[in-house]
Amino acid sequence: MTKRYPAGSEWRKWDLHVHIPGTKLSDGYDRSSDDTVNWDRAADIIEKSDVAVVGITDYFSVENTYGFIEFFRGHYPQSEKLLLANLELRLNETVNGAAQNVDFHVLFSNTVAKDQVKRYLSHLKTQMTDGNDRKKSCSELTGNDYEAATVTRDDLTKAFVDTFGPKAEPTDYLIYLAPANNNGLRAERRNQRKANLADNIDKLVHAIFGKDADNTSWYLKTDRYEDSGQESKAKPVFGGSDAHNFADLEAWLGKALENESTRQVITWVKADPTFAGLQQTLVEPKDRVSIAELKPDAKDDYKVIKKVTFSGSADFPEEIVFNPNLNAIIGSRSSGKSALLAHIAHAVDPSYTVSQQSVAAGSKTSERELGPASGISWSQVSSTVCTVEWANGSIGGDGQVIYIPQNWLYQISDNPKEVTDKIQPVLESHFESYFREHERQLGAVKTANAAVEKSVGRWFELAESLKTLDAEIKELGSKKSVTDARDKIAEEIAELRSANSLSEPDLEKYQTVTNDIDAKKARQAEIEVEAEQLDRYVLAGGEGPFSTVPNMVSAETYLTPDIDNVPPKLRDVLVALVAESDRILVGKVEEAIAAYRNGLSTESVTLENGVKVLQQDNRELIDKHTANATLDELVKRQKAQQAALDKIEKLEARRTELQGNQKASAEDVKMQIQARASALESLVATFSSDARELDQLTFGVALGLDPDTVRALSQPFNKNEKGAYLKVEGDEQLVDVDKAQGDPQAFMDELFSKRQKLNKGNQPIDITKQVLGATAEIRFTAQLEGDSIGGFERSTMTPGKRALLALTLILGEAEDQWALLIDQPEDDLDSRSIYREIVQYLVKQKKQRQIILVTHNANLVVGADAEEILVANRHGDDRKNKDDRTFDYLTGALEHSEPRKVAAHDLDRMGIREHAVEILDGGEEAFQKRRDKYKI
């Protein structure tokens, strides 16, 4: 029976080239005290090492090899280590410049009986001859024969056929290896004959012994032969310590070492520590074997689920273990595949799991109906306790998972906007420098929009003030009319003065005095108005000065950069500075208000005293003119016209000032709109300056107004009235945002004057702020094989591609490589996407994160080379589980194979491989495509 490893294919250290005490050549091992080979010490060293599979090697013989393996098993009967017999030979051919014979290794399966290997050696002829000139077989060699013996490639082939039969597949019984360097396959430079010979030996072997990345990359090539018309087969490269003494065995076994005398490497193999596991390396040499000091595909152990345990229910087994890479849960319908996945996700984060299930179920299903399986809610299985244990030993929901329930990808991909909304967070996590600039420029956009809103508000305030001012000027009359009236009265005064013999100097002095008195009284009236404006802010001080009312004055500093868009520590500093600035400003404003109000009181007293003095000093002159009632009335009327004229000129000066301020506000709006556009265009240019790629996706950026935003902006406009800012697009009348933002002054004039009609209830200032504040959006796009999504154009992606994109973005969005739990993605993807994209995607992603996948598709399991298979079974009369539990799971690697047999429990009927073929859709076909691996 083949041993099953529940966690499937895991990276372990292998060393397939180790000599032990008693080896035929170069035996440097110290002997025991009784002068016998010291297998005890060698066995101890091997058992204590962290090497899982060891090739016990000897030259042209296996007697010592099998003797040691049997001794080891007796010495360590519980050992998990696999010892394989490695027969080291020499070919009768040389390819290197030193004319060294090529070393050749035959690694036998542990399932091949020792007697069969002995028969193989008796059939394998060497080039050594006896006294009768007959070729000796390997089993006939003695003494010095081991140093000189060689074999031919033809004799190797013949010996195999003679031993195992003409129809036997060699790799079912043994693996041929040759070293890459030195006395191996490195051909003499510029010697084409030897290069061709090396290629022919390469064709015979199944794997290579090597020491470095150059060896690995060379033998993974499929075009390495001298004859470029022949395709070479990718082959795994294994390091081997080739230890010949105890010091080397202890120093080299499972260790990396480099000094002047040696270079030792560590070989990692991702497979069950079985001969079947070794066979898998022949099919996935790149992904299954690695020469490296550190374990490949290493992940943070706190992000890897080691196992889950169940309690409180007989529905599940007590414990299920997982592989750090790709785990595929397979089984017939309703066999507990999705239930297991859901329980794991729920154990880590219940609320997140339910929200993901809610998306997958659609709007028609309420959250309280959701659960681990159809028709079963979480409340119904509340007694079932699933506990997650992470690889670092922590328990429970300390970690996170990315859970994608069945139909989730379809629901997301059915809405392209949902997909595009996921692009930005992915880009943010992968292109940090751009998004620092992105944040800075969007801060500038926010500042510009705030300034636009403020300036628009100021423009409309000024427009209202101008409107009131124009009405006031109009009410006073035209400047020409008032001037003409004043001048006519002046003529009447002159005529009356002449008739009454009033002197010119007296009249002039009278007019000067009265004008002065009127001016002081007018200013007193203004002071009363100003004092009234300040009444709410000041307190009368009795006999003393005025002071400000507490807490009536406030100040708010508007800061650029925006405080919300700076680092937190700087934000604290700026907030404190702003608060201090506001406090100081409020104090100064309060001082200014109090000082101004006190000044008004002082000025009012001064004016009042001035009027009294003028009246007292000019009493005779005033009385003289007042006595002439007609003249006095004319003088008053003339003064009234002059006052009106002065007021008109003052109001016109004010209007000119307001018009200038209004123009400045409009210019500021335009400037801020341009600054906003420049910031956004800079962002587009910066993003487009570099290639932005993630996995098979290429990202781009588009700038524009959201059509839905334009439609919303257009709603307040009266479509029944023609207007300069309405345009026809298709069957819609839309506001011309570009025209409005191109000349804000003209647009504001149109709305304020109501020449551009709005629907009832809409205020021009509000609509203006909305239209002029409408900001182009930065939208990101993604391309996959020429099809795109995002931006402002319709997506050209098929639903399958959108689902693949959604999956890529979901994983890309997660800054940390948390475990991915995904339920039957093939339901949401077309077959082409599964075979060409998802398989390759899983192969890449499983190196970065743990994946637990529910599937019934053979391509996802076989094509992506799942490290662990979990075969799910639901208890029934015809497929019973142990202890009659509802769901049970058989776990292990695809390389685990057991012939079909009758068994009490369904999962015990056969091996993992056989279950996979029986269960998976297209299983037989998918496995046949890889029959070199699976031997179906």
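Which residues line the second largest cavity? In this predicted model, the lining of that cavity consists of Thr-216, Leu-220, Lys-235, Pro-236, Val-237, Pro-285, Lys-286, Val-289, Ser-290 and Ile-291. The briefing below covers the cavities, then the pockets, and then the packing of helix pairs.

**Cavities**

- The count of cavities of 30 Å³ or more comes to 2.
- The largest cavity has a volume of about 60 Å³, and about 50 Å³ of space lies in the second largest cavity.
- Lys-13, Trp-14, Asp-15, Val-51, Gly-239, Gly-240, Ser-241, Trp-252, Gly-254, Val-265, Ile-266 and Thr-267 form the lining of the largest cavity.
- Strand E1 (residues 11–19) provides the largest share of the lining of the largest cavity, namely 3 residues.
- By class, the lining of the largest cavity comprises 5 nonpolar, 5 polar and 2 charged residues.
- Helix H7 (213–220), helix H10 (285–288) and strand E13 (289–291) are the elements that give two or more residues to the lining of the second largest cavity.
- Among these elements, E13 gives the largest share of that lining, 3 residues.
- The lining of the second largest cavity divides into 6 nonpolar, 2 polar and 2 charged residues.

**Largest pocket**

- The largest pocket holds about 1,000 Å³ of space.
- Its lining has 37 residues, and Ser-338, Pro-372, Ala-373, Ser-374 and Gln-406 are the closest to the centre of the pocket.
- Two elements give two or more residues to the lining of the largest pocket: helix H11 (337–348) and helix H12 (350–361).
- H11 contributes the largest share of this lining, 5 residues.
- In the lining of the largest pocket, 13 residues are nonpolar, 18 are polar and 6 are charged.

**Second largest pocket**

- About 810 Å³ of space lies in the second largest pocket.
- Of the 34 residues that line the second largest pocket, Thr-2, Ser-109, Asn-110, Thr-111 and Phe-275 lie nearest its centre.
- At least two lining residues of the second largest pocket come from each of H2, strand E3 (82–94) and helix H9 (275–283).
- The class composition of the lining of the second largest pocket is 15 nonpolar, 9 polar and 10 charged residues.

**Packing of H11 with H12**

- Helices H11 and H12, which both contribute to the lining of the largest pocket, pack at an angle of about 135 degrees with their axes 5 Å apart.
- What orientation does this angle give H11 relative to H12? H11 is therefore oblique to H12.
- On the H11 side the contact is made by Ala-342, Ala-345, His-346 and Val-348, and on the H12 side by Pro-350, Thr-353, Val-354 and Gln-357.
- The contact of H11 with H12 has 5 nonpolar residues, 3 polar residues and no charged residues.

**Packing of H1 with H2**

- Helix H1 (residues 39–48) and helix H2 (residues 63–75) have axes that come within 10 Å and cross at roughly 65 degrees.
- The two helices are therefore roughly perpendicular to each other, and the crossing of H1 and H2 is right-handed.
- H1 makes the contact through Trp-39, Asp-40, Ala-42, Ala-43, Asp-44, Ile-46 and Glu-47, and H2 through Asn-64, Gly-67, Phe-68, Phe-71, Phe-72 and His-75.
- The contact of H1 with H2 comprises 7 nonpolar, 3 polar and 3 charged residues.
- H2 also supplies at least two residues of the lining of the second largest pocket.

**Packing of H24 with H25**

- Helix H24 (residues 744–753) packs with helix H25 (residues 764–773) at an angle of about 150 degrees, and their axes are 10 Å apart.
- H24 is therefore roughly antiparallel to H25.
- The crossing in which H24 passes H25 is right-handed.
- Pro-744, Phe-747, Met-748 and Leu-751 of H24 meet Pro-764, Ile-767, Thr-768, Val-771 and Leu-772 of H25.
- By class, the contact of H24 with H25 consists of 8 nonpolar residues and 1 polar residue, with no charged residues.

Terms used. Residues are numbered from 1 along each chain as its sequence is written. This is a predicted model: local features need pLDDT of at least 70, side-chain atom pairs count only at pLDDT 80 or more; totals for chains, interfaces and linings use all residues. Side-chain values use heavy atoms; hydrogens and water are left out. Axes are lines fitted to C-alpha atoms, for helices over the stretch in contact, and angles run from 0 to 180 degrees between N-to-C directions. Helices (H or I, at least four residues) and strands (E, at least two) are DSSP runs, numbered from the N terminus. Angles under 35 degrees count as roughly parallel, over 145 as roughly antiparallel, 65 to 115 as roughly perpendicular and the rest as oblique. A crossing is left-handed if the near helix is turned anticlockwise from the far one by less than a right angle, and right-handed if clockwise. Contact means heavy atoms within 4.5 Å. Ala, Val, Leu, Ile, Met, Phe, Trp, Tyr, Cys and Pro count as nonpolar, Asp, Glu, Lys and Arg as charged, and the others, Gly among them, as polar. On a 1 Å grid over the protein atoms alone, a cavity is a set of points where a 1.4 Å probe fits but cannot get out, and a pocket is an open set with protein on both sides within 12 Å along at least five of seven lines; lining residues have an atom within 4 Å of a point. Grid points are joined across faces, edges and corners, and a volume is the space filled by probe spheres set on the points.
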